[in-house]
Amino acid sequence: LTAYMVPYTLGYLFSGQIIDRWGTRRCATVFLAGMSAATVGCGLARTFPELAAARVLLGLAESGVVPSIMLLITRRYPPERRGLVVTLHQALQSTGPVMTAPLVAALTLSHGWRSSFLLPGALGFLLAAAWFHSDRPQAATAAAPSPPPPAPGWRGLKLVLTAPSLRGVLAARLLTDPAWFVLIYWQAGFLQERGGWTLAELGRWTWLPPAVAAVANVAVGWWSDRLLRLRGDAPTARRLALQALAFLAPCFALAPLVAGHKAAVLAMLVLAYVMANCWLTLMNVLVTEVAPAGSVATTLGVMSALGGATSIAFNYAAGPLVDRFGYDVLFIACALLHPAGALILRRCYGRPAGVTSPAS
């Protein structure tokens, strides 16, 4: 896990800059092919160092996928349709985790564990070729030429970290990402230890939060686009939708209080998952609308790297926190993060005329 997470987080610092510089067609093809090669490498590994090396490559390559997708969407779709397109993409992406468990189990049982790496890795090369074939410049929406992005390196990082239009979104993302990772990594342990759930019950019901979140994502994206058409200001429309999502934050704190009632605790976790997942998706949409011109992928990469770093630190602290105080303190802390992020967004983007949208 460490061999994957550390390169994945650090890779975001540079992958976005490379994509802004060289374009999504070439870069995404290389990143997807790199992921495929790494996945095949996991299936062929004979020793632990070989497996670790493949995981390092996987983390580095995967750090370029989300910035490529978001930049492509930004160039092809106008702001008033972008929220729906991004959230629809997120909903489709959610089918991946749903299909993975039964697919991996079936391949492992029928052809051995290596096949569960080799087959997806081979299919990934086909996906890389399909991307290269379909991502053609003439398919992009015509737009006014933008200034060329800075060369990859410190100048690109400095541009993002010092841009006035990005202070709010960076601070809010740093603050709220840990709550999302707590849901991903601690939900099963919480349900087993506090709720007394069996492994069979986890398998029967824990698909529900991501499934509901997939539908909610599309609804929130459509609503934020509608707000944009009504108000004519992209940062204001996204901010209002994000502030509304933050009203679901108390569900985090309520989950430990109703842990003994399985239907109630599942409902609280579903609502918390919807909030955290939709928030993360809509924050990416907001970035495309406040990022400096020519630096959308760079901004997304830097924001993801910083959010990942704070999440890693928070999760290292979460274990001792649960050991000493139980899940109540951890979940109460998570319940405070999104409202605090909403306050930051209101302070930074509360005046429609205060933020321009050069990337739009």
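Me: By class, how many nonpolar, polar and charged residues has the lining of the largest cavity?
Reply: The model is predicted, with local features requiring pLDDT of at least 70 and side-chain atom pairs pLDDT 80 or more, while totals for linings use all residues. Residues are numbered from 1 along each chain, and side-chain values use heavy atoms, without hydrogens and water. A cavity is a set of points on a 1 Å grid over the protein atoms alone where a 1.4 Å probe fits but cannot get out, lined by residues with an atom within 4 Å of a point. With Ala, Val, Leu, Ile, Met, Phe, Trp, Tyr, Cys and Pro as nonpolar, Asp, Glu, Lys and Arg as charged and the others as polar, the lining has 4 nonpolar, 2 polar and 2 charged residues.

Me: Which helix supplies the largest share of that lining?
Reply: Among the lining residues are Arg-173, Asp-177, Trp-279 and His-338. Helices are DSSP runs (H or I, at least four residues), numbered from the N terminus. Both α9 and α14 supply at least two lining residues, but the largest share, 4 residues, comes from α9.

Me: How are α9 and α14 oriented to each other?
Reply: Helix α9 (residues 167-193) packs on helix α14 (residues 262-290) at about 150°, with axes 10 Å apart. Axes are lines fitted to C-alpha atoms over the stretch in contact, and angles run from 0 to 180 degrees between N-to-C directions. Angles over 145 degrees count as roughly antiparallel, and α9 and α14 are therefore roughly antiparallel.

Notes: Angles under 35 degrees count as roughly parallel, over 145 as roughly antiparallel, 65 to 115 as roughly perpendicular and the rest as oblique. On a 1 Å grid over the protein atoms alone, a cavity is a set of points where a 1.4 Å probe fits but cannot get out, and a pocket is an open set with protein on both sides within 12 Å along at least five of seven lines; lining residues have an atom within 4 Å of a point.
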